[in-house]
Amino acid sequence: MELSLSFNKKLDRDWDVVIIGSGPGGLSAALYASRGKLKTLVLEKNFTVGGNIALTSLIEDYPGIKEATGEEFAKLLKEHAESFGAVIATGEEVISVDFNSFPRLIKTRNAEYTAKAVIIATGADPRRLNVPGEEEFIGKGVSYCAVCDAPFFKDKNVIVVGGGNSALDEGLYLTKFARRVYIVHRRDQLRADKILQERAFANPKIEFIFNTVVKKIEGDSVVRRVLLFNNKTNEEKYFDIDAVFIYIGLVPNSSLFNVEKDERGYIITNERMETSVRGVYAVGDVRKSPLKQAITAAGEGAIAGYFAEKFVEGLG
């Protein structure tokens, strides 16, 4: 993927709006804010844009885009925001924010910026199993990204842990490479959309293991086996496997921000996407919402970008 502005290029210090994160919500907010003639900066800690959506194998539920890879979709969002003047700086990891000052102060590892309005679009990271062996074998057979790591397991047997959309979507992607894909789910029914369930059940490479959890991951230099526990029969058994792909939910990246959150750390906003701090907004997976999809994040970004513009205009 094409990189955005290099992290070591000198940027202005003062901005109308700073957007932290470059997923669909952040880039949609950048489009609306810059189109509204705000001086707009997007800070992205990685060297590619798009957030988790850029790692998605296939997007087919975004209106107007019948089918695209996550990387292609992120590139379209980036180019659209830049066409209205938004500046997207990659390699700029935010390490602290000060919402008590005005303009707001945002510090990265490379610089300091001020902003009249801030839009938080930091997304969420995959939830860990927190079982023995998980941390030890990350990058050695434990993965949270099939698009990133599936080619390493060509003609191998892999486990996918989870029962939601991500688990099935990534499980289906893995069948392009793996010999066999075992989807392990703690319940006896899946949570994924029906269309994904139909595809997964119809795929001859996929086998489901229900009412089961992974209790331990073992190996030598790489993953070799897992310990499975059946929560119906209380039976344990070792299962030989080459990789474990984990999709059991998300943890919001909200710890930096002193705003109101729910018990799980998701940021609470009003209908304008404004947080408990005036002029500070939150969109996408970091925000408390009933549906976490690219389309909802983009809609939230549009709302936040629009009202950030009105907020800055109101400052006179």
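**A walk from the helix contact to the aromatic pairs**

Let's start where two helices meet: Pro24, Gly25, Ser28, Ala29, Tyr32 and Ala33 of H1 touch Ala294, Ala297, Ala298, Gly301, Ala302, Gly305 and Tyr306 of H6, a contact being heavy atoms within 4.5 Å. Sorted by type, the residues of this H1–H6 contact come out as 9 nonpolar, 4 polar and no charged; here Ala, Val, Leu, Ile, Met, Phe, Trp, Tyr, Cys and Pro count as nonpolar, Asp, Glu, Lys and Arg as charged, and the others, Gly among them, as polar. Keep in mind that this is a predicted model, where local features need pLDDT of at least 70 and side-chain atom pairs count only at pLDDT 80 or more, while totals for chains, interfaces and linings use all residues. Residues are numbered from 1 along each chain as its sequence is written, and side-chain values use heavy atoms, with hydrogens and water left out.

Now the geometry. The axes of H1 and H6 lie 7 Å apart, at an angle of about 35°; axes are lines fitted to C-alpha atoms, for helices over the stretch in contact, and angles run from 0 to 180 degrees between N-to-C directions. Helices (H or I, at least four residues) and strands (E, at least two) are DSSP runs, numbered from the N terminus.

The largest nonpolar core holds 32 residues, and Val17, Ile19, Tyr62, Phe73, Ala117, Ile119 and Tyr281 have the most contacts inside it. Such a core is a set of buried Ala, Val, Leu, Ile, Met, Phe, Trp, Tyr and Cys residues joined through side-chain atoms within 4.5 Å; buried means under 20% relative accessible area, exposed over 50%, and partly exposed in between (1.4 Å probe, protein chains only). H6 gives this core its largest share, 6 residues. As for Ile119, its contacts include Val17, Ile19, Ala29, Tyr281 and Gly305, leaving aside residues up to four places away in sequence.

On to the rings: a search of the whole structure turns up 8 aromatic pairs. Rings of Phe, Tyr and Trp (its six-membered ring) pair if their centres lie within 6.5 Å; planes under 30 degrees apart count as stacked, over 60 as edge-to-face and the rest as tilted. Phe153 and Phe245 make an edge-to-face pair, 5.9 Å centre to centre with 85° between the planes. Phe153 sits in the loop between H3 (146-149) and S9 (157-161) and Phe245 in S15 (243-246), so the pair ties together parts 92 residues apart in sequence. Both Phe153 and Phe245 are buried.
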